[in-house]
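Student: I would like to take a close look at one part of this protein and then see how it sits beside other features. Could you guide me through it slowly?

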Amino acid sequence: MKMNRITLTFLLAACCLVGAASEITGILKLTPKQANQNGEIIEIEVQPEKKSAGRTGLSIELGNVPGGRRLVCRAEFRGEKITQTPKGESGLRLQFAATTPGGPVYQNTRLAPYGDFDWTPVEVSTVVPFDATAVCLNAGLQGVSGKLFVRNIKITSEDLILDLRSAVNMGYADPVAGDGKGGWSDQGPTNDASRFRFRHVSLYAGMPFQPLDPAKNDGKAVVTMHSLRFAGPKKIPLVTGGKLPGGRYLYLLHGLTWGGDTKGKVDTNYIGKPVGALTVHSVNGREHRFEIVNGRDVADWWELRPLPNATVGVTWRNGAVLVGLYATRFELPKDFGPVESVAVESASSGSIWLIVGLT
């Protein structure tokens with residue numbers, strides 16, 4: 001493939017852990033004889049007799065991007081005589097690919113246009129796997145013929161998913177109740193999260209999270225904190241190392257069991273009481289504490305409702321009951337600086353606090 005060294009700007013957009021723009025150097029590779037760069041526009045052409053199952057076009061090697069980064073690529077495509085696949089599907093591709101010890105991980109976007117079409121905005125996003133050793137962006141044609149023009153490629157890093165792999169202590173499924181192991185709140189298979197479709201969602205009420213796959217993490221995917229009913233951790237430290245120049249928001253995907261709100265009957269021994277806290281430390285020594293209050297920031301996962309500082313982030317059915325998790329947003333103080341670490345602390349209340357994602 002023909003190679004050109006290009007500079008891409010990573011704009012840290014106003015979404016979560018956000019900072020000033022920084023530049024990186026990427027390597028642009030073009031498929032020989034089928035892709036050429038003409039000024040700011042890249043032309044990709046595949047003749048009918050040349051089309052194959054493989055992708056033809058361009059690849060931009062981004063190198064070793066830190067795990068947990070959510071990357072977004074926005075570009076513009078224009079097409080001439082773009083055919084469809086034998087199944088009538090689009091052969092346009094805009095794709096992130098990450099190299100991991102377990103093999104490549106792809107994130108595609110669905111692109112519908114074919115035939116002749118004018119400049120059209122396209123977009124794809126991905127969360128870089130924590131064990132990724134390299135990341136690249138691919139664009140072009142796959143299994144079809146025609147001519148594709150690509151321009152205005154912009155890659156942004158918009159969020160940082162915190163790595164919970166070493167902190168999680170339970171899975172989603174709990175085959176046996178009360179044995180101190182297994183999953184969720186240790187209340188058995190009729191009261192666990194085994195039906196949570198964590199692989200199919202990346203935005204929860206518009207907030208970005210990356211729930212863990214227990215099959216890839218020794219059966220663990222949930223932080224079940226200490227309470228009067230469960231001997232979980234009382235405190236867990238999460239280090240970011242100041243990976244982003246600044247931050248605006250901290251997002252939490254979580255829920256409670258034994259929340260004290262059953263069929264509309266409110267138990268004031270639980271509602272309005274803290275279940276835990278997040279203490280955020282910046283690289284410049286600043287500290288800010290967010291108290292997590294039952295009924296304001298989170299509530300029982302069986303009694304879903306709008307809260308003053310949380311919204312229902314995801315739902316699924318547990319038998320005949322609709323259950324789910326809350327998505328909560330906390331705003332960091334102005335000029336707080338790069339986040340060095342986040343400490344999660346339990347209030348050791350009667351409620352069990354379950355944490356699935358922290359961004």
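Student: By the rule for disulfides, to how many does the count come? Please look closely at the cysteines, and then go on to the sheet and the cavities.

Tutor: This is a predicted model, and in it the count of disulfides comes to zero. A disulfide is a covalent bond between the sulfur atoms of two cysteines. Cys73 counts as buried because its relative accessibility is 0%, which is under 20%. Cys136 also counts as buried, because its relative accessibility is 17%, and the cut-off for that word is under 20%.

Let us turn to the sheet. Strands of a sheet pair through backbone hydrogen bonds, either parallel or antiparallel. Here five strands make up an open sheet with antiparallel pairing, and their order is β3-β4-β11-β6-β9. At the edges lie β3 (35–38) and β9 (115–127), each of which pairs on one side only, and from one strand to the next the twist averages 25°.

The largest cavity has about 40 Å³ of space, and the residues that line it include Phe130, Ile161, Leu162, Gln210 and Val356. Sorted by class, its lining has seven nonpolar residues and two polar ones, with no charged residues.

Definitions and conventions
Residues numbered from 1 in each chain as written. Predicted model: local features only at pLDDT ≥ 70, side-chain atom pairs only at ≥ 80, totals over all residues. Heavy atoms only, no water. 1 Å grid on protein atoms, 1.4 Å probe; cavity = no way out; pocket = protein on both sides within 12 Å on 5 of 7 lines; lining within 4 Å. Points joined across faces, edges and corners; volume = space filled by probe spheres on them. Nonpolar A, V, L, I, M, F, W, Y, C, P; charged D, E, K, R; others polar. Disulfide = S-S within 2.5 Å. Buried < 20%, exposed > 50% of the residue type's maximum accessible area, 1.4 Å probe, protein only. Pairing = 2+ DSSP bridges. Helix = DSSP H or I, 4+ residues; strand = E, 2+ residues; numbered from the N terminus. Axes fitted to C-alpha atoms, helices over the stretch in contact; angles between N-to-C directions.
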